[in-house]
Amino acid sequence: MLRLSLIPLGLLVLLAGAMFWSGGAVERRADFTFINRGENKTLDLGVMSWMQDIRLAYQLWEGLYTLDPKTLEPIPGVADRIELSADKTVYTFHIRPTARWSDGKPLTSGDFIFGWRRMLEQPGEYTYLFDYLKGARNYEDAYGKWKEALAAWDKAKRQGSKPIAPDFGQVGVEAPDRLTLRVTLEHPVAYFPSLCAYIPFFPQYEPCMKAFAQLDSTGTYIASYDQSFTRPPNLVSNGPYALKEWSFKRRVRLTASPHYWNAGAVQSRVIDQIYADDALAQFRMYEGGGVDWLADVDGDMAADLLDKGRKDLHLIPAFGTYFYDFNCNPTLPNGVKNPFADARVRRAFSMAIDKRPIVENVTRTGEPIATTYIPRGVFADYVSPPGIAYQPQEAARLLAEAGYRGGAGFPRVRILFNNDFTQHGEVAQVIRRQWQQTLGVVLDLEGVEIKVFGDRLHQHEFDVCRGSWYGDYDDPSTFTDVYKSTSDNNNPAWKNTAYDELLERAAVEPDQHKRLKILADAENLMLEDAPIVPLFQYVGRYLYRDNVQGIPLDARQMIMMQSVKVDRR
Amino acid sequence: MTAIAPEATPERFVAAESSDGLWRRVVASRRVLLGGGVLLAILIACLASLPWTTRSGHPLYYDQQNPQQSLQSPRLNSVALWFGTDSLGHSLLGRSLLGGLISLSIGIGAAAIAVTLGVTVGVVAGYRGGWLDALLMRSVDVLYGLPYILLVILFKIALEGPLTNLFARMQWGSEHWYSATSAANLFVLFLAIGLVSWLTMARVIRGQVLSLRSQPFIEACRATGLKERRIFLRHLLPNLIGPIMVYATLTVPSAILQESFLSFLGVGIQPPLPTWGSLASEGMSKALNPIHARLWLLVVPCTFLAVTLLSLNFLGDGLRDVFDPKRDAAKI
Amino acid sequence: MFRFLLWRLAQFPLILLIIYVITFLLAWVAPGTPFEQTDRKLNPVALEQLKQQFHAEHWYTFLAYYPVKMVGGDLGPSLVYKGWSVNDILFTSLPISVTLGLFAMAIALIAGSFVGTLAAVRRGGAFDYASLFAALVGISLPGFVVAGVLIVLFSDKLHWLPSAGWGTFRQMVLPAVALSLMPLAYIARLTRASMIDVLNADYVRTARAKGLAREAVIWRHAFRNAFLPVFSFLGPAAAATLTGSFVVEKVFNINGLGQHFVNSVLNRDQTLILGTVMVYSLFLLTFNLLVDIGYAFIDPRIDVTAKAM
C-alpha cells in the first residue's frame with residue numbers, strides 16, 4: 001500500500017514542479033491594457049501590413065509626419081519645420097534636434113534614407129507607395145535586375161566581371177546634413193504628408209538590425225534581416241514607447257521611452273497588449289476589468305451588446321468594405337468556359353443580391369449596406385458613384401440575355417470563403433440561396449482554411465469568392481489601386497485599360513478636386529463592369545468604459561496611445 | 001473526442017456459440033434493448049423526416065432561410081419552431097433531423113473504414129505471425145504515438161481538394177445533379193476519421209486471432225488439410241464477429257465526436273449541410289454568451305448528440321456482455 | 001531491468017524517425033505552400049532565399065536536412081511567426097501544457113479511482129447508477145461544450161473561479177477539471193470493473209473471513225490489485241490530455257502546446273508542425289516508459305521485460 005500511495009505523491013511532486021516551471025510572477029498593472037485584433041505577425045516595418053501590427057508601430061515609431069491623436073490627420077512629427085517648393089515637388093524636412101531613438105542616440109536623416117532604401121532594395125507590400133519618389137521605381141527595378149544578374153553570375157561559377165549595383169543617388173531623397181532630409185517627387189502628390197505619416201515611411205535604426213543581416217549567396221548585399229531583431233531587447237524605436245516585453249501569444253508590454261522628444265506629453269507610462277483568441281474569453285476578460293479596451297469585439301457579441309443598449313460599445317463605420325469577387329478569366333479553374341467573363345452575368349449576379357438580410361441577420365451591428373467599393377463619406381469631397389442596386393427582375397433578364405435563361409446551362413460554380421469566422425459561411429449561405437431563387441442557378445459553398453484561401457485567391461483558383469479591403473492611407477487611391485491590371489491584389493484578374501488610364505491620369509493630376517473626380521469616374525467604371533459586388537461597409541467595434549479617454553472613433557481605427565488615459569479610481 | 005478506449009480483454013470473447021443462445025442473451029440484455037431502441041427511434045425520426053428536410057420550400061427544409069424568423073426561441077405554434085431557429089431563420093428541428101443523419105453516417109462510415117482496416121491488419125498480423133506480425137504491431141505502436149488530431153486535419157486538408165476535383169470530373173450529363181464539394185467533404189470526413197480510428201480494432205482482433213489460432217478446433221482443421229482460405233472464412237471469421245461488432249459500435253460515437261471537434265475548428269462539414277457537431281459549435285458563441293444566452297442553440301443539438309452517443313455506448317457495452325458472458329459479473 | 005531500459009531507449013530514435021517521416025510527408029502533401037504568406041504575395045527572389053535558408057528547394061532536401069538540425073537541439077525558425085524560433089515557442093507553451101496535463105491527470109486518477117471503487121462496492125445502488133450516468137454523459141458531449149458550460153456555471157454564475165488566463169492556482173482549476181473529465185470517466189469505469197472482479201476473488205473473501213474490517217479490505221487489499229489495469233491506461237490518457245487540450249486552451253485562453261497541434265497545421269507552419277510533433281512524441285515515449293517502470297514498481301510480480309502482446 002505504501003508503494004501504491006507513492007504514485008499520487010509522485011504525481012503531485014511532478015505537478016508542483018511543473019507549476020513552478022510554468023507560473024509567472026505578478027507584476028505591476030499597466031496604465032492601459034487592451035486586446036488587439038488578432039495576433040501580431042511582425043514588428044518589422046519593412047514587411048508589416050496587418051492592422052494589429054500597424055497599431056503597435058504607431059506607438060513605437062514616429063514618422064516625419066505623425067497622426068493627430070484626436071483627428072488622426074497628419075501633423076508634423078519628428079520634423080518640426082517642413083518646406084515645400086513652389087512646384088510642390090520638393091519637400092525639405094528639418095528634423096527636431098531633440099528627436100532620439102529609444103537607446104538615447106539622436107535620430108538623423110540617414111535613418112530615414114536607410115529605411116526607405118531598404119523598402120526599395122527588399123521590396124515589400126508597400127513598396128509601391130515609394131513610386132512617387134523621383135527615380136525610385138527605376139532604382140527598384142534596376143536593383144531587382146542586378147540581384148538576378150548577380151545570382152546568374154554566381155551560378156555561372158563567377159565567370160566574367162561581377163555585375164555592378166545600380167546607384168542609389170538617382171533616387172530623389174538626400175541628406176544635406178544630419179538633420180535635413182530633402183525629398184523630390186515625380187509630380188505633386190497632394191497626400192504626401194499622409195504617406196509620410198504611414199508606417200513604410202518611418203525611420204529604421206540600422207545599428208539594432210546590423211547584427212541580424214543575412215547576406216545573399218555571394219556575400220554582396222543584404223538579402224533580408226533575421227526577424228529576431230524585432231524582439232526585445234534588440235528592437236530600438238523612436239516613438240513615444242519602447243518595446244519592453246513580447247511574450248509569445250501572451251503579452252506585449254510597451255513602456256514610455258524617456259528619450260522621446262515629447263516625453264512629457266505621454267499620459268500612460270506602461271501599456272499592455274494582452275492576447276486572447278476566443279471571443280467569449282476576450283469579453284469575459286473585459287468584463288472582469290482586466291482589460292480597458294477591446295479593439296475588435298466579436299460580431300455576434302457586439303450585436304447582443306447593441307441590443308442591450310450597452311453604452312460602452314462604440315461602433316464606427318470603418319475604412320473597409322466586404323465584397324464578393326468574380327473570377328474574370330476566360331475559363332474557370334476546372335477548365336470550363338467562364339460565364340463570369342461576360343460582364344452581363346456579373347451585373348446580373350450583383351443585382352440579384354438583397355443585402356438587407358446580410359446586415360440585419362448575420363452581421364447585426366448596423367453595417368451600412370454598400371453599393372460602392374470605396375466606403376461612402378470617408379474621404380472628404382469624394383463623390384461616390386451610385387453603384388448597382390438590388391433589381392431582381394432586371395437581374396433575371398440580364399442573365400437570360402447572356403444566354404442562361406432561368407439559370408439553364410449555367411455551370412455549377414462554387415463560392416469560396418475562408419472558414420475561420422462563421423459569419424463568412426453565413427453570408428455565403430444567404431447569397432447562395434438568393435442566387436438560387438432569383439437566378440435559378442445552383443451553387444456550392446466551399447469553405448477552406450485561411451492559408452488555402454490566400455493561395456487560391458492569388459492564383460485566381462476560384463469561381464466566386466469573398467473579399468475585403470481596408471484602406472491604408474487617406475486617399476481614395478488606396479482603394480482604386482487594388483484593381484489595376486498590374487496589381488498583385490487584383491484577385492478577380494479583372495483587366496480594363498480604360499480603368500488603368502484613368503488611374504494614371506489621376507496620379508499626375510495636380511488639382512485635388514479634379515483628381516477626385518477622375519478617381520470617382522474610375523470607381524464608377526469598375527462598379528458598372530462589376531468584377532466585385534460590394535456587400536457592406538465594415539463597422540469597427542470598440543468596447544471601452546467611461547474611464548478611458550483618448551480613443552479616437554475614426555474610420556481608420558488607428559490610435560495614438562500616448563494620449564490615452566485610464567482613470568483607475 | 002479522444003481516441004482512447006478502455007483496455008481490451010480479447011481472450012475473453014466467446015469462441016463459438018450457437019446463434020440461438022446469443023439471441024436469447026441479446027433480448028435479455030436490458031442495455032442492448034434500451035440503447036438499440038433509442039438509437040432506432042432517432043434513426044427512424046431522421047429518416048422519416050427526410051422528405052421534408054430535403055424539400056426546398058418546406059419549413060423544415062435544412063436550408064429554408066427566413067429573415068423574419070431570425071433567432072426565435074422555441075415555441076409550439078408551428079412544428080418548424082419547436083426547437084427555435086438560428087440567425088438565418090433556419091428551423092433548428094429540421095437542421096437537427098438532417099444533421100443527425102449526416103452525423104450518424106459519418107460515424108458509421110468512419111467505423112466501417114476503421115473496421116475494414118483494423119480487421120485486415122489484425123487478422124493478417126495474428127494469423128501470419130512472425131516478422132509480419134512484429135512489423136504491423138510496431139507500426140500500430142508508432143501510430144498510437146502520433147497526435148491523431150494533427151493526422152485528422154492533415155488527412156482532411158490533403159485529400160479534400162483532389163477529391164473535390166475528382167468528384168466534379170465524375171459528373172455526367174449536362175445537369176449537375178449532385179454537389180461535388182459536399183460529396184468530397186463527406187467522403188473525406190469518413191476517410192480522415194476512419195483512418196485514425198482503426199488502431200484499437202487492429203490490436204483487439206489480433207489478440208483474438210492469436211487466441212483462436214491456438215485452440216484445438218483450428219488445429220484440427222489444419223490437421224485435416226483444409227485450405228487456409230476456408231479455415232479463415234468458415235471457422236475464424238465467425239468467431240471474430242463478436243469483438244468486431246462491439247468495437248464497431250464503440251467507434252461510431254468517437255467518430256461523431258471527432259467530427260464535432262473538426263467543426264469546432266472550422267474544418268468539419270461544409271455549410272449549408274448541418275451535423276450535430278457543427279450545429280453545437282455554431283451555437284456555442286450565441287448560447288453561452290453572458291449578454292444574451294440563447295440556450296436552445298446549444299441544448300438542442302447537444303441533447304440529440306448526447307442521447308445518441310449514450311445509446312451507442314450502452315449498446316456497445318451491452319453487446320460486449322452478450323458476447324462475453326464471463327464479464328457479466330463486472331457489468332458496467 | 002537495466003537492460004530493458006536500455007533496449008527501450010535504443011528504440012526511441014527509430015520510432016521518432018518514423019513519426020517524423022510520416023508527419024513530414026503528410027504536411028508536405030497538404031495544399032497551401034508553407035513558404036507563402038496567407039494574404040500577401042512574396043516576391044520570387046525573397047521566396048527563393050527563404051527556401052534556400054531552409055534547404056527546401058526540394059522536399060527531400062528539407063526532409064533530410066531538418067532532422068540533422070533537430071538532433072542538435074535547434075528546431076529552426078517558425079515559418080509563420082517571423083522572428084520566433086520553434087524552440088522559443090515550445091519553451092513558452094510546453095511547461096503550461098505539462099502542468100495542465102499533470103493536474104488533469106491527477107484529478108482524473110484520484111477522483112476516478114475513488115468514484116470507481118465506491119461504485120463497485122455499492123454495486124447496483126443509487127451511487128453506482130448516478131456515477132455511470134455522469135460518466136457516460138461526460139464522454140458523450142463535445143469537449144468545447146463541457147468547457148463552455150463549466151465557465152458559465154462556475155465563473156459567470158457562481159463567481160467561484162476565474163474564467164481565463166494562466167498563472168495562479170485558481171486559474172488552473174477550471175481548465176484542469178475540464179480536461180480531466182474524459183479520462184476521469186474512463187478511469188472510473190475501469191476501476192469499477194476490475195474492482196468488482198477483485199472483490200469476488202478468493203483472497204478478498206479470505207481476508208473478510210479473517211475478520212478484517214470491510215473498509216480495510218477494500219482499500220488495503222483489493223484496491224491495489226484493482227488499480228493495475230487503470231495504471232496501464234495512464235499512457236493513452238496522457239497522450240489524450242496533451243493533444244486534447246486544444247479546446248480547453250482556446251476556451252480558457254491558455255497559451256499551451258495544444259493550440260500548436262491545430263494552428264501549425266492550419267498555418268502550414270512546417271517547422272512548427274514537426275517541432276511540436278517531435279517534442280510531443282518524445283514526451284509520450286518517455287511517459288510510457290515511466291508508466292512501465294512504475295508498473296513493475298507497484299507490482300513486482302509483473303515482468304515488464306517480457307514482450308508485451
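The phi angle of C:Asn253 is positive, near 55°, in a residue other than glycine. With 24 C-beta neighbours inside 10 Å, C:Asn253 counts as buried; a residue is buried if 20 or more other C-beta atoms lie within 10 Å of its own, exposed if 12 or fewer, and partly exposed in between, with C-beta atoms placed from the backbone.

The model is predicted, and local features need pLDDT of at least 70, side-chain atom pairs count only at pLDDT 80 or more, and totals for chains, interfaces and linings use all residues. Residues are numbered from 1 along each chain as its sequence is written, while chains are lettered from A and ligands numbered from 1 in the order in which they are written.

A positive phi, near 55°, is also found at C:Arg268, a residue other than glycine. C:Arg268 is located in the loop between α10 and α11 (270-298) of chain C, and is classed as buried because 25 C-beta neighbours fall inside 10 Å.

Cis peptide bonds occur in chains A and B. In chain A, such a bond joins Pro232 and Pro233, with omega at about 5°; A:Pro233 belongs to the loop between β9 (222-225) and β10 (241-247). In chain B, the bond from Pro271 to Pro272 is cis, with omega near 10°, and B:Pro272 is situated in the loop between α10 (228-265) and α11 (276-287). Most residues other than glycine have a negative phi, and most peptide bonds are trans.

Key. Helices (H or I, at least four residues) and strands (E, at least two) are DSSP runs, numbered from the N terminus.
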